[in-house]
Each structure stands twice: as C-alpha cells, then as structure tokens.
Amino acid sequence: MSSAKPILIYGASEFGKVVKDLAGQCGFKVLGFVDDWNAGSDILGPWSRMRDRFPQGSVAIALAVGYRHMAARLTLFRQLTSEGYSLPALIHPRAYVRDPSCIGAGSLIMAGAVVDTYVQIGPLCVLWPGAVINHDSQIGGNCFISPNATICGAVTMGESCFIGAGAVVVDHIDMPASSFVKAGTVYHLK
C-alpha cells in the first residue's frame, strides 16, 4: 500500500498532464482529473460530482487551469479553499527554492526553476522550467512565469501577471496587476 498523499488534478488539458507529472514527482498519488467542460477516459467527472465523492480533507487538489483563463483560475482557487480543500504548493525536486515556506498555496514550481533568497511567491503561481526569480522579489498571486524568464532582484509584481518565455523584468520594478510581458522582451522603466 502506497503512503503517497492522494491528489486530484483540476483540469485535463495539456497543462493538466504536466501538473499530473509534477504531482507524482512531488510524491502524490494522482487519483485522476476533474474537468467541468470535457469528458474522457482519464476524467473522473465535473467538480459538482467530485465534491461529494471526495469530501474536504480526503484529497488535495492541484489546479491545472491555464493562463488564458486567469480570472477563472482565481475564482476556482478561492472557491476550493473556502470549501476547505487543500491546494498544496508543488515544488519539483530539481527546482532550487531557497525557502520553500515562501511559496504560496497552489503554486507550481517546475524542474529547473530558481527561487532565490528573500523571495515571496503568492498563491496559485506557476514557474515553468528555467524561470528565475531573484532576491527580494515579491510575486503576486496567480502569476505565470514562462520558461527561461528572469525576474531580477527587488521586483514587486501584482496579481495575475503573465511573463512570456525568455522575457526579463529588470530590477527594482513595481509591476501592476494583470501585466502581460511578451516572450523575449525586456520590461523596465522608461
């Protein structure tokens, strides 16, 4: 019998498959996918049915709704936490996180991501492989930091920001909520 903690993956898209793998790498026993819009052999059903099947405390949940649905992600996160469900931070064993306690609930930190010293990552953030968050930065909740993006030191980022692949946010920037930085660009004050 496995001692792994049981977890449901909420969202069965390509992102859901990545999150399923991450959860397994973090020692969770994945019970299956929850999806409100799609059906399939790997999908257990919509949340309205899963809520009764898996009462609070019986499972953890990993939210795998992508960046194209930022508002819906945040709404689901708030709903699930208000219902008493645990959305643990999933930190890949090959990520470097100086202080795991600085990672907010429901955040996903992929292999090869770096979270430096004195950094705070809000809830429900996603750091893709190669993303780097440098010292003294504060990342608001529900932000996506794409592969190989770099957030330099002492950056304050508002909620629900998207940083594209290979983008750089220079040091000492205060980024407003819902900012969108295209892939391969540099975000700085003019």
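User: Which strands make up the open sheet of four strands, and in what order?

Analyst: The order in this predicted model is β9-β12-β15-β18, with parallel pairing. β9 (120-121) and β18 (174-175) are the edge strands. Each has a single partner strand, so one side of each is left without a neighbour in the sheet.

User: How many bridges join β9 to β12?

Analyst: Two bridges join β9 to β12 (residues 138-139), and the strands run parallel. Take Ile121: its bridge partner in β12 is Ile139.

User: What follows β9? Where does Gly122 sit?

Analyst: Gly122 is in the loop between β9 and β10. Gly122 is buried, with a relative accessible area of 12%. Leaving aside neighbours within four places in sequence, Gly122 contacts Gly104, Ser107, Ile139, Gly140 and Gly141. Asp21 is another matter: Gly122 and Asp21 are 101 residues apart in sequence and 22 Å apart in space, C-alpha to C-alpha.

User: Now side chains on a strand. Which way do the residues of β4 point?

Analyst: In a regular strand the side chains alternate between the two faces of the sheet. In strand β4 (residues 60-63), Ala60 and Ala62 point one way, while Ile61 and Leu63 point the other way. All four of these residues are buried.

User: In what sense do β1 and β4 pair, parallel or antiparallel?

Analyst: They pair in the parallel sense, over four bridges. One of the links is through Leu8, whose bridge partner in β4 is Ile61.

User: On to helices. What span should α1 have at 1.5 Å a residue?

Analyst: The twelve residues of α1 should span 16 Å, and the end C-alpha atoms are 17 Å apart, which agrees.

User: Which residues of α1 are buried?

Analyst: An α-helix has 3.6 residues a turn, so residues three or four places apart point the same way. In α1, the buried residues are Phe15, Gly16, Val19, Leu22 and Ala23. Seen down the axis of α1, they fall within an arc of 120 degrees, so they line one face of the helix. On the other side of α1, Glu14 and Lys17 are exposed.

User: And what is the length of helix α3?

Analyst: Helix α3 (residues 70-82) has 13 residues. From first C-alpha to last it reaches 18 Å, close to the 18 Å expected at 1.5 Å a residue. Its buried residues are Met70, Arg73, Leu74, Leu76, Phe77 and Leu80. Down the axis of α3, these fall within an arc of 160 degrees, so they line one face of the helix. The face turned away from that buried side carries the exposed residues Ala71, Thr75 and Ser82.

User: What covers the buried residues of α3?

Analyst: The cover includes β1, α1 (14-25), α2, β4, β10 (126-127) and β13 (144-145).

User: How do I read a pair of aromatic rings? How many aromatic pairs are there?

Analyst: A pair of aromatic rings is described by the distance of the centres and the angle of the planes. The count here comes to seven aromatic pairs. Tyr10 and Trp47 form a tilted one: 5.9 Å centre to centre, with 35 degrees between the planes. Tyr10 lies in strand β1 (residues 5-10) and Trp47 in helix α2 (residues 47-53), so the pair ties together parts that are 37 residues apart in sequence. Both Tyr10 and Trp47 are buried.

User: Which residues form the aromatic cluster?

Analyst: Phe15, Tyr67, Trp128, Phe144, Phe162 and Phe180 form one cluster.

User: How many disulfides does a search of the whole structure find?

Analyst: A disulfide is a covalent bond between the sulfur atoms of two cysteines. The search finds zero disulfides. The sulfur of Cys26 is 15 Å from the closest cysteine sulfur, in Cys102, too far for a bond. Cys102 is in no disulfide either; its nearest cysteine sulfur, that of Cys125, is 11 Å away. Cys26 is partly exposed at a relative accessible area of 23%, whereas Cys102 is buried at 4%.

User: Last topic, backbone angles. What is the phi of Ser160?

Analyst: Most residues other than glycine have a negative phi, and most peptide bonds are trans. Ser160 has a positive phi near 60 degrees. Ser160 sits in the loop between β15 (156-157) and β16 (162-163), and counts as buried at 15% relative accessibility.

User: Is His172 buried or exposed?

Analyst: His172 is exposed, with a relative accessible area of 56%. Its phi is positive, about 60 degrees, although it is not a glycine. His172 is found in the loop between β17 (168-169) and β18.

Methods: Residues are numbered from 1 along each chain as its sequence is written. This is a predicted model: local features need pLDDT of at least 70, side-chain atom pairs count only at pLDDT 80 or more; totals for chains, interfaces and linings use all residues. Side-chain values use heavy atoms; hydrogens and water are left out. Two strands pair if DSSP finds at least two bridges between them. Rings of Phe, Tyr and Trp (its six-membered ring) pair if their centres lie within 6.5 Å; planes under 30 degrees apart count as stacked, over 60 as edge-to-face and the rest as tilted. Buried means under 20% relative accessible area, exposed over 50%, partly exposed in between (1.4 Å probe, protein chains only). A disulfide is a pair of cysteine sulfur atoms within 2.5 Å. The expected span of a helix is 1.5 Å times one less than its number of residues. The arc is that of the directions from the helix axis to the C-beta atoms. Contact means heavy atoms within 4.5 Å.
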